[in-house]
Amino acid sequence: MLFVFTRSLLRINEGEHNKVIGLSRRVLRDLWSSLLLYLSIMSTLMARSVIDRTADKLELFAKIKDLAKSKNAVILTHIYQRLEVQRVADYVGDSLMLSKQAQETDADIIVFCGVHFMAETAKLLSPNKKVLLPDIQSGCPMADMINVDDLRAFKAEHPGAPVVCYVNSSAAVKAESDICCTSTNAVEIVKSLDSQEVIFVPDKGLGAWVQYKLPEKKIHIYDGFCPTHWQITAAEVDKQRIINPEAIIIAHPECDPEVWRRADFVGSTSEIYKFVEQSAGRKFVILSEQGLVARIQADFREKDISTVFPLPLCPNMKYHSLENLYNALDQEFTEIIIPEPLLAPAKATIDKMIEISNKKKIWTGPQVA
Ligand code: SF4
């Protein structure tokens, strides 16, 4: 039927029709062979480009290590950074652990892969060392929510109350405060103060957590927050309870209090890492920044670890790459400079914190390469 139809369509006789059919088959066969060849070339090229990229990264990794050694530089990397930047670091950790490393290192150069206030903290603790931040765009929106004028105005509303500033603040704000804290030691630091009233800046999530843990104190909390942690909603946590009923839900205290109140465990970055490491539980939902979640997933593959959607990702923590880390170290930019008058008063707030925290064992961070 088809033959009759094509013959009538092409208006040709039976012999010519058979030639057309034969030709069509050959064309189809050639097309099929060409398609297979094309697919095989493409898959080879794609596989080769993955291998090339991996080889490039490994080469760059080795170049960074060699350069750091030749310049007597140490690479300190926050655990929210991309995994490849964590892998090249000498030390990976949270703010408190990295502050300690910055204080103790005998390197001449500190390359800090974190956000601006962290590099400033390293500079305050090691003023004679060159501190480099590979990408100067890496700021912290929460730290930028308060400046010295804001803090002075807030202090005027609560005269006499000592100021505890979260390490996520500028050197200028630290210089205007009495003592610094991190999320690991915030409760301990506030508790150590004689005063019944305390001013806490700038994070209202962490401030509320400290108030919850220390109901005997009156804490005046500034209205700053972490946009990344505050994107996690209470409704999403409730949803996780339904779709993941057997999971242990863990929250960072920078989250909205409505979020951390719903969690099974609330802890700082290091406390979250250690909790998953030591827990007999198998399934966890972590309500914190994506870099921490990725690192925990990579280190504890036997456990089922997830987070919420949309992914809590801090874009400011992802600016550093192997490429700009290498360039920064090679050309020694971008150097952190702190105005001289701020150095001593800002450093004093961190020294006081470390003195109190030193009484406890400080997390040494995950294993590095
Ligand atoms: S995660 Fe939040 S607190 Fe940390 S750097 Fe990003 S914005 Fe700042």
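Predicted model: local features only at pLDDT ≥ 70, side-chain atom pairs only at ≥ 80, totals over all residues.
I turn next to a sheet. Four strands make up an open sheet, and their order is β10-β9-β11-β12. The pairing in this sheet is parallel. Which strands stand at the edges? They are β10, residues 265–266, and β12, residues 304–306. Each of these has a single partner strand, so one side of each is left without a neighbour in the sheet. As for β10, two bridges join this strand to β9, residues 248–251, and the two run parallel. The bridge partner of Ile250 in β10 is Phe265.

My last topic is a pair of helices. Helix α5 spans residues 116–125, and helix α16 spans residues 340–357. How do α5 and α16 pack? Their axes lie 9 Å apart, at an angle of about 100°. Angles of 65 to 115 degrees count as roughly perpendicular, and α5 and α16 are therefore roughly perpendicular to each other. On the α5 side, the residues in this contact are Thr121, Leu124 and Leu125. In α16 they meet Leu343, Ala346, Lys347 and Ile350. By class, the contact of α5 with α16 comprises five nonpolar residues, one polar residue and one charged residue.

Thank you for your attention.

Terms used: Residues numbered from 1 in each chain as written. Axes fitted to C-alpha atoms, helices over the stretch in contact; angles between N-to-C directions. Parallel < 35°, antiparallel > 145°, perpendicular 65-115°, else oblique. Contact = placed C-beta atoms within 7 Å. Nonpolar A, V, L, I, M, F, W, Y, C, P; charged D, E, K, R; others polar. Pairing = 2+ DSSP bridges.
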